[in-house]
Amino acid sequence: MPTQSAYPVVEHTDPAGQTKQDFTSDQDVRWCPGCGDYSILAQVQKLMPTLGIPKENFVFVSGIGCSSRFPYYMNTYGIHSIHGRAPAVATGIKAVRPDLSVWLVTGDGDGLSIGGNHLLHVLRRNVDVKILLFNNQIYGLTKGQYSPTSPLGKKAKSTPLGSVDYPLDPVSVALGAGATFVARTVDTNVKHIEATLKRAAAHKGSAFVEIYQNCPIFNDAAFDFLTDKSQKEDNELVLEHGKPLRFGPNGGRGIALDGSLTPRIVDVTTEGEDKLLRHDETNEMVSLVVSRLKHPAFPVPVGVFRAVDRPSYDVMMNEQVEAASQGNKKSLQQLIDAGSWTVA
């Protein structure tokens with residue numbers, strides 16, 4: 001006699017009829033007023049129904065921190081896991097259920113401090129997960145300690161005289177780990193977030209997106225140089241594949257390389273566009289050079305730094321499992337006896 005399942009009944013949805021509202025949970029969103037997380041959440045909820053994937057096939061995994069409340073607000077499957085270990089949880093899910101669309105949401109503290117090692121390995125393995133790293137350069141949930149991305153000299157509750165740590169650059173870390181898709185966007189630029197997330201979603205393999213996110217309580221205005229209209233034009237370098245690196249009013253300035261491959265700012269009107277470095281998402285060296293452009297000496301690059309194809313970990317692992325299952329099968333006792341030895 002059939003018994004009632006202890007698990008929730010999954011209602012299979014038609015992806016063609018999904019809307020943003022289908023991905024909005026009934027939970028009260030509990031971030032501080034003005035937090036940049038609201039903008040990111042809205043863009044992700046807006047993107048999901050456009051991907052043609054039933055909502056029951058999405059999983060959002062997070063670690064610990066303000067950003068990591070994200071799964072509560074998505075009407076999908078989700079796991080609010082433990083500090084820094086979201087990459088391990090996401091890897092496990094994707095390995096055994098490669099049909100699912102797995103998204104990992106983390107912050108600069110969760111992903112680059114205690115979780116730094118886990119983040120490196122999900123990237124180098126090229127597990128097919130989409131990673132959103134919210135970077136507000138502060139520990140917000142624990143009320144304002146400096147984080148691994150805080151600038152040198154940052155005065156915070158844990159560093160009243162100023163931090164003496166040199167900051168990590170998330171994009172450089174991801175490129176160094178061999179990530180196949182690396183991008184940066186900004187919470188207030190909703191069109192750019194939308195376009196960047198759409199490309200990340202389409203990428204087969206680890207897609208890493210750093211999102212500059214304002215924390216209005218503990219690190220307000222950290223990215224004003226990119227979000228304030230009076231400063232943005234001089235400080236933002238929008239990356240476009242195949243196009244020269246130009247910025248400033250009317251694109252009047254650009255980035256060139258000198259003979260020692262050191263970037264320098266040039267006046268396009270006097271030196272000409274031919275002198276400029278052209279962005280190439282498939283060229284590792286170009287991506288690395290562009291990732292090292294730092295404010296205030298240079299404009300800050302936003303967009304896709306790198307996008308290349310490489311077989312993903314989950315695909316290769318499951319192909320190996322399938323191949324092994326077709327070979328000679330041995331009993332458990334045969335497997336135990338095959339590798340035994342005697343310690344003299």
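Predicted model: local features only at pLDDT ≥ 70, side-chain atom pairs only at ≥ 80, totals over all residues.
**View A. Strand β4 and its buried side chains.** Welcome to β4, which covers residues 129-135. Seven of its seven residues are buried, so the strand is largely enclosed by the rest of the structure. In a regular strand the side chains alternate between the two faces of the sheet. Here, Val-129, Ile-131, Leu-133 and Asn-135 point one way from β4, while Lys-130, Leu-132 and Phe-134 point the other way. Look also for the two partners of this view: strand β3 (residues 101-107) pairs with β4 in the parallel sense over six bridges, and Val-105 has Leu-132 of β4 as its bridge partner. Strand β6 (residues 207-212) pairs with β4 in the parallel sense too, over six bridges. There, Ile-131 finds its bridge partner in Phe-208 of β6.

View B. Next come strand β9, residues 253-257, and strand β10, residues 263-267, which run antiparallel and are joined by five bridges.

**View C. A nonpolar patch on the surface.** Finally, meet Leu-332, Leu-335 and Ile-336, which together form a nonpolar surface patch with about 330 Å² of accessible area. Ile-336 sits in helix α13, made up of residues 332-338. Ile-336 counts as partly exposed because its relative accessibility is 49%, and exposed would require over 50%.

Note on methods
Residues numbered from 1 in each chain as written. Heavy atoms only, no water. Pairing = 2+ DSSP bridges. Helix = DSSP H or I, 4+ residues; strand = E, 2+ residues; numbered from the N terminus. Patch = residues over 30% accessible without salt bridge, like charges linked within 9 Å, V, L, I, M, F, W, Y side chains within 5 Å. Areas by Shrake-Rupley, 256 points an atom, 1.4 Å probe, with all protein chains shown as cover. Salt bridge = Lys/Arg side-chain N within 4 Å of Asp/Glu carboxyl O. Buried < 20%, exposed > 50% of the residue type's maximum accessible area, 1.4 Å probe, protein only.
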